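Please read the following points alongside the sequence and the model.

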Amino acid sequence: MKKLILIFFLPLITLGQINDFDMSYNKKLTKQEKEVIINKGTEHPFSGEYNDFYEEGTYNCKACDQELYKSNFKFKSNCGWPSFDDEIEGATIKTEDNSFGMRRIEICCSNCNGHLGHLFYGENYTTTNTRHCVNSISLNFKPK
Ligand SMILES: [Zn+2]
């Protein structure tokens with residue numbers, strides 16, 4: 001696992017784009033946060049602090065503070081995790097994830113590559129027909 005983490009962080013450090021969180025990134029996250037953000041885990045459904053939360057503001061990346069979602073993108077999906085039907089332009093990186101025998105699209109923060117959750121299309125929840133299913137623990141809410 002240590003090797004994996006090194007492979008993950010070395011490009012970020014050598015790129016030099018990331019300033020104060022590069023080395024402290026790993027240190028400042030709690031064990032539970034690392035489990036989701038670095039090890040791509042999933043918090044239990046209906047357990048996250050933003051699952052049933054509808055204040056006005058912005059949701060930032062827990063690890064690097066990049067702005068990811070506006071509160072008006074959030075909608076009630078009753079899936080057990082915060083759901084957003086759009087993102088702040090360029091905020092996430094999408095990659096195919098075939099783990100657990102499922103074909104899903106993984107979403108990560110475009111600045112630090114921290115794991116956020118998964119992206120689903122075609123569920124007809126809202127007009128964008130898109131659901132960013134995000135772990136609360138990957139987010140930090142900033143009130144307006
Ligand atoms: Zn980030």
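**Notes on the sheet and the core**

1. In strand 8, S83 has C133 as its bridge partner. The model under discussion is a predicted one. S83 belongs to strand 4, which covers residues 83-84 and pairs with strand 8 in the antiparallel sense over two bridges.

2. This pairing is part of an open sheet of six strands, whose order is 3-4-8-7-6-5, with antiparallel pairing. Strand 3 (74-75) and strand 5 (92-97) each have a single partner strand and stand at the edges, so one side of each is left without a neighbour in the sheet.

3. On its other listed pairing, strand 8 is joined to strand 7 by five bridges, again in the antiparallel sense. Within this pair, T130 in strand 8 stands opposite Y121.

4. Strand 7 also runs antiparallel to strand 6, and four bridges join the two. Here E106 has H118 of strand 7 opposite to it. The two strands form a hairpin with five residues between them, and N113 in the turn has a positive phi of about 70°.

5. Which residues touch the most other members of the largest nonpolar core? In this core of 24 residues, they are C61, A63, L68, C109, C112 and V134. Elements giving two or more residues to the core include helix 3 (31-37), strand 1 (57-61) and strand 2 (67-70), as well as strand 6 (104-109), strand 7 (115-121) and strand 8 (130-134).

6. V134 deserves a separate remark. Leaving aside residues up to four places away in sequence, V134 touches W81, P82, F84, L116, G117 and L139.

Note on methods: Residues numbered from 1 in each chain as written. Predicted model: local features only at pLDDT ≥ 70, side-chain atom pairs only at ≥ 80, totals over all residues. Core = buried A, V, L, I, M, F, W, Y, C linked by C-beta atoms within 7 Å. Buried ≥ 20, exposed ≤ 12 C-beta atoms within 10 Å, placed from the backbone. Contact = placed C-beta atoms within 7 Å. Pairing = 2+ DSSP bridges.
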